[in-house]
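Subject: Structure for you to look at

Hi,

Here is the structure I said I would pass on. Have a look at it first, then read my notes below.

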Amino acid sequence: MKSFKADYVFPVCADPIKNGIVTVDDKGKILSVTDQNAPPLDAPVEQLSGIICPGFVNTHCHLELSHLKDKVKQQTGLVNFIMDVQKFRGADGSLVLDEAQKADNEMYENGIVVVGDISNTNASIPVKQTSKLYYHSFIETFGFLPTQATDTFNRALALMNEFKPLSCSITPHAPYSVSKELFRLIQRHSDTGHNLISIHNQECDDENKFYRYKSGSFNDLYASFGIDISHFKPQARNSVQSVIPLLTDKQEILLVHNTCTNLKDIYFIKRFDRKINFCFCPNANLYIENRLPKIELFMGQGYNITLGTDSLASNTKLCILSEMRTIQQKIPSINLATLLEWGTINGARFLGIDDEKGTLEAGKAPGLNLISGLDGLRITPDTKVKRLL
Ligand SMILES: [Zn+2]
């Protein structure tokens, strides 16, 4: 048994506690969260400067792309980014594995305890099997040609079997890379059994242009891959509006990035009976497109908002605190308590593990982070996270 005392404890499920004390057992399970006036427990107390919060939940990563760190040029736009990733992603298996292992260690050091991870291959399985972090793997499908939908889906089922018994589900990659037919197969699969969905959404303007008018750089992308997309007709509305009806209403759905999602899209989504969560990955958006989503539009709408790092192909580090810092710098009105909710309990809730992770409550083992170097309760360039448990 051990107690940690800090200037503030943020349980996330309750108001911050000044001079709060968190006591844990030797397995990291929380025994109590109290203020300093509560009767002391018979445990050694470590006095810390800063705030204590639960371990972070990273709801969007691609561990298998970790070897692409510093390979892809910044701020060239999504289509060039995709082409670069395709060019560089093939690499020696041991390099891929080594870099994935380093990325897993980096997330651990940065106080991340849970990861929602996109997987197109089995490369990350060995890391996940032995990791101290909890992973949910999204087996991601690509395939814009309707004739290939069944084969693509069956390959995903086979890959998912390789991941089991690790937590995993089958998911579509993005509106521009998945045919209606493949969307329907995933929808049917999701309607009958537990199958979390995570889909890249409106990461650039051209995704909307492609869906509205069939114009823009996605045509060039398909031409460069030699893929005939004559079957695709412009839909006269934004991508998300076109694919929402193709998504299951039985499962939680994470829309990731949302860089070019507007208020009309949000209102459209509201009219559909879908369990939508929104994930923001601001540092990846700056890396790829040098722009950020209009995060304020999503707030106060009743949506569960989560944070992600994306992969080291589009980020210099895998650190949820750094994502919070970027958001607070750009939108100072968003306070620390809100950012902590996004970076902890909301991700745990989406992934269905909030009984164990995401808040400081007796009986849970959510991990424990110390955040120091704050200016009052504001994140600064000097703010750091240290993993306590
Ligand atoms: Zn991604």
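Let's start with the metal site. Donors here are N, O and S atoms within 2.8 Å of the metal (3.2 Å for Na, K and Ca), and water is not among the atoms, so sites may look incomplete. Along the sequence, the donor residues of the zinc ion follow the spacing H-x1-H-x137-H-x109-D. What you are looking at is a predicted model, where local features need pLDDT of at least 70 and side-chain atom pairs count only at pLDDT 80 or more, while totals for chains, interfaces and linings use all residues. Residues are numbered from 1 along each chain as its sequence is written, and side-chain values use heavy atoms, with hydrogens and water left out.

Which atoms hold the zinc ion? They are His-60 (NE2), His-62 (NE2), His-200 (NE2) and Asp-310 (OD), lying 2.1 to 2.7 Å from the ion. His-60 sits in strand E8 (56–61) and Asp-310 in the loop between strand E15 and helix H12, so this pair ties together parts that are 250 residues apart in sequence. (Strands, E, are DSSP runs of at least two residues and helices, H or I, of at least four, numbered from the N terminus.) His-60 is buried, at 1% relative accessible area, and Asp-310 is buried too, at 5%; buried means under 20%, with a 1.4 Å probe and protein chains only.

On a 1 Å grid over the protein atoms alone, a cavity is a set of points where a 1.4 Å probe fits but cannot get out; a pocket is an open set with protein on both sides within 12 Å along at least five of seven lines, and lining residues have an atom within 4 Å of a point. Grid points are joined across faces, edges and corners, and a volume is the space filled by probe spheres set on the points.

There are two cavities of 30 Å³ or more. The largest cavity has about 220 Å³, and of its 19 lining residues, His-62, Leu-65, Phe-81, His-173 and His-200 are the closest to its centre. Two of the zinc donors, His-62 and His-200, are in that group. Helix H1 gives the most to this lining, with five residues.

The largest pocket comes to about 470 Å³. Its lining has 23 residues, with Gln-86, Thr-141, Phe-142, Gly-143 and Ser-177 nearest the centre. Helix H4 contributes the most here, four residues.

Cheers

Technical notes:
Buried < 20%, exposed > 50% of the residue type's maximum accessible area, 1.4 Å probe, protein only.
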